[in-house]
Amino acid sequence: MQGQRRAMEPARLFLGLLCASAALAASSLHQRPPQPELLLEEEEPELGESPSGSLWPLPRSLRILPGQLQLAPARFQLVHGPGSTAGPGCALLQDAFRRYYEYIFGYSKWQNRGQRPLPTGTELLQLQVVIGSKDSECENYPNISSNEAYQLSVTEPVAVLRAEKVWGALRGLETFSQLVYEDDYGSFLINESEITDYPRFAHRGILLDTSRHFLPLKSILTNLDAMAFNKFNVLHWHIVDDHSFPYQSATFPDLSGKGSYSYDHIYTPTDVRLVIDYARLRGIRVIPEFDSPGHTQSWGKGQKDLLTPCFNGEHRSGSYGPVNPILNTTYHFMTDLFKEISGVFPDAYIHLGGDEVDFTCWKSNPDVTEFMKQQGFGIDYAKLESYYIQKILDIVSSANKGYIVWQEVFDKGVKIKPDTIVEVWIGTLYTAELSRVTGAGFTTILAAPWYLDYISYGQDWKKYYSVEPLNFPGCEKQKKLVIGGEACLWGEFVDATNLTPRLWPRASAVGERLWSSKNVTNIRDAYNRLVKHRCRMLRRGIAAEPLFVGYCDHEYRGL
Amino acid sequence: MAELALALLLVGLGPAGAVWPQPQLVRESPGRCRLSPGRFRFGYARSSAVGPGCAVLDQAFRRYWRLLRDAGPRTPEDTRPWEPLCAELLVSVATPHCDGFPDMDSVESYKLSTSEDLSLLSSESVWGALRGLETFSQLVWRDEDGTFYLNKTDIVDFPRFAHRGLLLDTSRHYLPLRAILETLDVMAYNKFNVFHWHIVDDPSFPYESAAFPELSRKGAYNPATHVYTLNDVKLVIEYARLRGIRVISEFDTPGHTLSWGPGAPGLLTPCYAGLIPSGAYGPVNPILNTTYQFMTEFFREVSTVFPDFYLHLGGDEVDFTCWRSNPEIQAFMQQMGFGQDYAKLESFYIQRLLDIISSYGKGYVVWQEVFDNGVKVKPDTIIHVWRENAGPYQQEVAQVTKAGYRALLSAPWYLNRISYGQDWQTAYQVEPLEFEGSLEQKELVIGGEACMWGEYVDVTNLTPRLWPRAGAIAERLWSNKTVTDLQDAYIRLADFRCMLLRRGIQAQPLFTGYCDAEYSGL
């Protein structure tokens, strides 16, 4: 995993030289302002049939033929095909077969139907899954370079799904399940089809915030299901922040012991393990974010002297600021904590945050002032932040991990290693930021236009859908450095009560943008497919909210 | 720092202060008793004019006893045997009516006094007793060990406005019965007393009519699954009655009726493209006698099915384009001497509809356009003010009341319009009587309604979108005018929201934080 990531480095190193710099003035906006509400007209879209049925996200290449085949639930099988390098020993696929059989047939009272033989030449008997590569990666964790491509050919009497790796097979199974539909008589039908598919972007993430509100395990798992339905492949777990520290650390149990909302609001190592495994089985990476030096109020409760004491004139004010960057103990602590985190989370990347560092407290503290002088930083506190981040990056590197940081770390000129991934989140002028970041040769992830916690009235999914991530000034090489994007659902106003309907199907719009071809931009066609996709999510137990007026044959039953 | 101050305040205030909506008068005295949910009982005082057998109260006793019991894990009894045990709550109702329906004039006031040996709740009517029971249930609090307590408290309470409603829209999206019933539960927790059921509209007609079964057969999204049968409707009405909630149905005409068309041929106006019918249909056809025969039959049924004195007749957003295009309507306009003033045609229709409703001994509520368009309405008509963008709504309220009509306010309370942040505060800060007008005019404002229109709402997101946001409106309509402190409201509402979670209601958070018992119904 590491090797693959590093293999991309040299190209990046030279980019700054090869590309014309498109840098604009740095944005100084460092908070999260709610974007101005886009007043979407209240048009009544006519619901119609898409030629691509209910497929979401739309495959790269798709040919649906008129010929229909029938699937008999009692006979149809999902099996390993001849020549596959994965077999019944591949639990990941075995689980997926069972899951998708359930998704395809499990919601109807079909048991008494489809037992009669069907006329020859009209029945689809099997889906054969053939993994081509010698190493199916069945036991691995998915990573940034995982091959998710697949080919699906639906012909009588068997359909064949070919993929190099299990990750492509998972995506193909999802697509296959979306091709099957029920007619008015309750028969399961599929059209003969040919599909070749692969993602446009390698990093397609959802950010969940479990600090502002704790999310029960069940919420997280449900959303991993929904992510798989939308071919998302990264859970960006913003696990701790100012408000609470629900991550139970084995090394520093006081962090959650004192920093969580309550004993009930904790992720134990077993919980974390479960999330990671559950995600793996769906081809989803789990990238934890331990944001520092800002956004760390909750850390202070369980770790004495970690945070900077703020001063009111000559006296301590009693409140605390960002992590104290001038103490050796800080770095000892971080070394131990990140050593643990690196072991717990298998992904090659850790998100280190680095956003919204408020210098007020540092400025008030005489020891920090003294340190600044000593280091020759003058009054440039960004240098102090840089000093801190630099040390954290070294710590994480020595734990053999790569890292993602929020854009401020780049904006403030912190010296970061060339393989750092910079996540662009500030809504204003994000295209200019993309130019700057990629112009400097860094890999980037786009989140700015996809802050789904900013709700507004109407069909805002269209806004998310209409974003073109590569629509920024820059050369081809710069564009290649955009490895994907993330839909972020920050937790200020979100907990288990409203998470799922707020996230789905709005995040689906981002899912298609990151997977499908650049030219898949027809809003009407998207609407027709997304309405059906949303109904399908309901059937699969996801409380996805409606796009607009209408109904589903099977409404949500969870209430 | 702000958070710290808030936390301190919370402790200082004490859990017993947190009642939502805030009662008119609360006096706490030193002293408290332990409450054992298992042993505590509700009963009728000897002085009460109603007693066992009164379904409204019998069932309420059971409901509130269960809420107490389920409020948390049982703790070992007698962990603090030195503290007195609360024994019972006795209810005394002055008037002996139990089997009726609540109405606009129902008296909802009550007095509640709790103390160790005896707690007494007295009220004029059973409806007031229901409100008092809710308050009582919110007075019970738990300490860290899980012991329940009741502080010695005296409360005198009554609603500021008589009409405190909530609108659900079951046409844009069908809402399963259980969603409606759950909403009624939470309405009772918030002391709402009117369920405005916007039951049909353009997109679908889920109401199963006995007289015109074709309406839902052809107008529902799915006539087998997306309909309300007569039994469903009766169940909703009874469920609401037991909680002191009126059900006002809205069958909106002449606009908003597209779904009526397929099941009632000839009812809607055929629109024309030039000289030929375009195939599209417009509002109800106001020029045919058959239309009024249909409405007479249809509203005869509706008047019987829904016991409330008031029907909501809609009358909003009538688009004249289709009427204009239709040559027969043009001819009729000429004949009637209406000229080009289609508002006169609308008025003509509404007038006849109102006469039909009056003949069934019913009163009616209409949306503001009916008043704005100068339709002659009877003096006891209630005008429902809803338009947000047609100038300040305060002006509309002033005009409506100046003309001597009673007004119902919804304009600032469209909860379907969501935005980022704590928008409950905006709803909370509305003062319904803040408009230019005499005292008499102010008295004509009978209340307001929180509206949850259904364009973007169905069973997947209804509950979290509605609660606790609608709670802000509930307090505005119940509590004293002077109850406006946002910080205090935040603390109580956050606490109330946690109580809703304990009661199994999927109410969304106000802001960051947590509840001891999080929502687990996922």
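The paragraphs below describe the overall build of chain B and the domain layout of chain A in a predicted model.

Along the principal axes, the C-alpha trace of chain B spans about 90 × 50 × 45 Å. The radius of gyration of chain B is 25 Å, which agrees with the value near 24 Å for a compact globule, because that is what the rule gives for 522 residues.

The packing of chain B can be followed through its burial and its contacts. Of its 522 residues, 61% count as buried, that is, with under 20% relative accessible area. When contacts between residues at least 6 apart in sequence are considered, 76% of them join residues at least 24 apart.

As for charge, chain B carries 47 positive and 62 negative side chains. The centres of these two sets lie 4 Å apart.

Chain A is described here through its domains. It is divided into domain 1, made up of residues 61-108 + 120-197, and domain 2, covering residues 203-540. The contact between them takes 25 residues from domain 1 of chain A and 26 residues from domain 2 of chain A. Between the C-alpha centres of domain 1 of chain A and domain 2 of chain A, the distance is 34 Å.

Conventions:
Residues numbered from 1 in each chain as written. Chains lettered and ligands numbered in written order. Predicted model: local features only at pLDDT ≥ 70, side-chain atom pairs only at ≥ 80, totals over all residues. Heavy atoms only, no water. Rg over C-alpha atoms; globule rule 2.2 N^0.38 Å. Buried < 20%, exposed > 50% of the residue type's maximum accessible area, 1.4 Å probe, protein only. Contact = heavy atoms within 4.5 Å. Lys, Arg positive; Asp, Glu negative; His and termini not counted. Charge placed at Lys NZ, Arg CZ, Asp CG, Glu CD. Domains from an automatic or database assignment.
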